[in-house]
Amino acid sequence: MILSYDLNSDIKTAFQIFYKKESKPEYNGTNSYKVAIKKGDNKINLIIPSVYVNNNLRLDLVSNIGNYYLRKFKLYDAE
């Protein structure tokens with residue numbers, strides 16, 4: 001799976017995705033991936049193994065209060 005995320009931000013912040021290797025209720029920072037978001041236009045494309053998608057994902061789209069314009073948010077098969 002590919003996660004494609006395109007947004008404009010008025011501040012520096014971060015996007016973080018949490019995944020689980022097993023189907024259990026809690027998420028942790030060890031099993032996550034964090035991407036810095038700069039002020040201005042940002043395009044993020046992440047490859048996510050389907051085993052993690054099947055165990056649910058937690059997405060923190062931003063980590064700070066600000067003004068954001070989300071242009072695209074899409075999860076699709078890489079095939």
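Visitor: In which sense do S1 and strand S4 pair, and over how many bridges?

Guide: First, the ground rules. This is a predicted model, in which local features need pLDDT of at least 70 and side-chain atom pairs count only at pLDDT 80 or more, while totals for chains, interfaces and linings use all residues. Residues are numbered from 1 along each chain as its sequence is written, and side-chain values use heavy atoms, with hydrogens and water left out.

Guide: Strands of a sheet pair through backbone hydrogen bonds, in a parallel or an antiparallel sense. Strands (E, at least two residues) are DSSP runs numbered from the N terminus, and two of them pair if DSSP finds at least two bridges between them. Here S1 and S4 (residues 40-47) are antiparallel, over eight bridges. Ile2 stands opposite Ile47 in S4.

Visitor: Which residue in S6 is the bridge partner of Leu3?

Guide: That partner is Leu75. S1 and S6 (residues 68-76) are joined by eight bridges, again in the antiparallel sense.

Visitor: How many residues of strand S1 are buried?

Guide: Buried means under 20% relative accessible area, exposed means over 50%, and partly exposed lies in between (1.4 Å probe, protein chains only). In S1 (residues 2-9), seven of the eight residues are buried.

Visitor: What is the strand order in the open sheet of three strands?

Guide: The order is S3-S2-S5, with antiparallel pairing. S3 and S5 (57-60) are the edge strands, each pairing on one side only. From one strand to the next the twist averages 10°, taken between N-to-C directions of axes fitted as lines to C-alpha atoms, on a scale from 0 to 180 degrees. Six bridges link S2 and S3, and Phe15 has Val35 in S3 as its bridge partner.

Visitor: Is Ser32 buried or exposed?

Guide: Ser32 counts as buried because its relative accessibility is 15%. This serine lies in S3 (residues 32-37). Leaving aside neighbours within four places in sequence, Ser32 is in contact (heavy atoms within 4.5 Å) with Gln16, Ile17, Phe18 and Tyr19.

Visitor: Which backbone oxygen does the side chain of Ser32 reach?

Guide: The side chain of Ser32 reaches the backbone oxygen of Gly29, at 2.7 Å.

Visitor: And Ser23: buried or exposed?

Guide: Ser23 counts as exposed because its relative accessibility is 68%. Ser23 lies in the loop between S2 (13-19) and S3.

Technical notes: Helices (H or I, at least four residues) and strands (E, at least two) are DSSP runs, numbered from the N terminus. A polar contact is a pair of N or O atoms within 3.5 Å; within protein, one must be able to donate a hydrogen and the other to accept it, and residues adjacent in sequence count only if both atoms are side-chain atoms.
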